[in-house]
Amino acid sequence: MSEVQRKKYSDKDKNSIFDQEFMPHIDSMYNFAYRLTFDEDDAKDLVQDTYLKAYRFINSFEKGTNAKAWLFRILKNSFINEYRKKSKQPSKVDYQEVETYYNSDNVDYNMTSDLRVDAVKDMLGDEISNALNSLAVDFRTVIILCDLEGFTYEEMAKILDIPIGTVRSRLHRARNLLKEKLKAYAQNMGYDTEEE
Amino acid sequence: MENNFDSSNQRKLNCSDASKCFKLLESILDGQADLESKAVLDEKLAKCQPCFEHFHLEKAIREVLRTKCTKQLVPLELVDSIRQKIQDLK
């Protein structure tokens, strides 16, 4: 993504790329921004900044390539550089500890969950959303990119500037954390989550 | 050996290589695996109960995330505001 040779688009080309390749993703972009910031105004600012940067740097975008991944990468970087610092709800998570934990690619896939499939299927949209929103931002992000937006591991690695192995292991950990949250909801709903 | 089979469906009750299997199952659900892996998957689902359960739970979680997460509507003024700012840039 970063090694693309710079283009020299005419104003007409720029407008056409912007309208036909960038703007169709505004819905996904706004929802991504909202799920990162949990604030309508911050989400609007973040999306607007992203589109302005996209326009300003349009010559480093190759027409017809993956605009959505390119835009998501800009949005993610803007969020980290500008919004995370002034976040209204500072995270209680000890980032040092989390970084060490989730940046290791050695992940135990052996862990099973006693959460039941029918309990998951009966969950309400609000419960799923709340469970997702309660995850630390880096775990939340990989789930949004993969499950809600359908990016491949390779695209996610480029958007997040991390190796594919780390995408895979972070995603696995994120889903395990999500299962723990969903299990708590399932227990509240009266589902038996214990194994015999 | 008999204890390792569920009498109802003849699947193994223990997976001898759960770590590797679960990693593969998750890759397949994320659309990352090739056709060869998918053939391995079919065999595992037919023969191994822990793999069968893990696959269906992971699948259900991906489905509810994709279909049930609440979505925000893009504020109407956002598109106009972006276009205006771009005009100002020019």
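**Close-up views of a predicted two-chain model**

Chain B has an average pLDDT of 87, and 90% of its residues score at least 70; pLDDT is the predictor's confidence in each residue, from 0 to 100. This is a predicted model, in which local features need pLDDT of at least 70 and side-chain atom pairs count only at pLDDT 80 or more, while totals for chains, interfaces and linings use all residues. Residues are numbered from 1 along each chain as its sequence is written, and chains are lettered from A, with ligands numbered from 1, in the order in which they are written.

**View 1. Confidence along chain B and for the complex.** Helices here are DSSP runs (H or I, at least four residues), numbered from the N terminus. For the complex, the predictor gives an ipTM of 0.85 and a pTM of 0.86.

**View 2. Where chain A meets chain B.** Here 37 residues of chain A are in contact with 32 residues of chain B, contact meaning C-beta atoms, placed from the backbone, within 7 Å. On the chain A side, α3(A) gives the largest share, seven residues. That side divides into 19 nonpolar, nine polar and nine charged residues (Ala, Val, Leu, Ile, Met, Phe, Trp, Tyr, Cys and Pro count as nonpolar; Asp, Glu, Lys and Arg as charged; the others, Gly among them, as polar).

**View 3. The largest nonpolar core.** This core has 54 residues, and A:A33, A:V142, A:I143 and A:M156 have the most contacts inside it. Domain 1 (11-83) and domain 2 (95-188) of chain A both give residues to the core, so it lies between them; the domain bounds come from an automatic or database assignment. A nonpolar core joins buried Ala, Val, Leu, Ile, Met, Phe, Trp, Tyr and Cys residues through C-beta atoms within 7 Å, and a buried residue has 20 or more other C-beta atoms within 10 Å of its own, again placed from the backbone.

View 4. One of the buried residues is A:A33, which touches A:A43, A:L46, A:V47 and A:L75, leaving aside residues up to four places away in sequence. Just after the helix, A:F38 takes a positive phi of about 55°.

Conventions: A residue is buried if 20 or more other C-beta atoms lie within 10 Å of its own, exposed if 12 or fewer, and partly exposed in between; C-beta atoms are placed from the backbone. Two residues are in contact if their C-beta atoms, placed from the backbone, lie within 7 Å. Helices (H or I, at least four residues) and strands (E, at least two) are DSSP runs, numbered from the N terminus.
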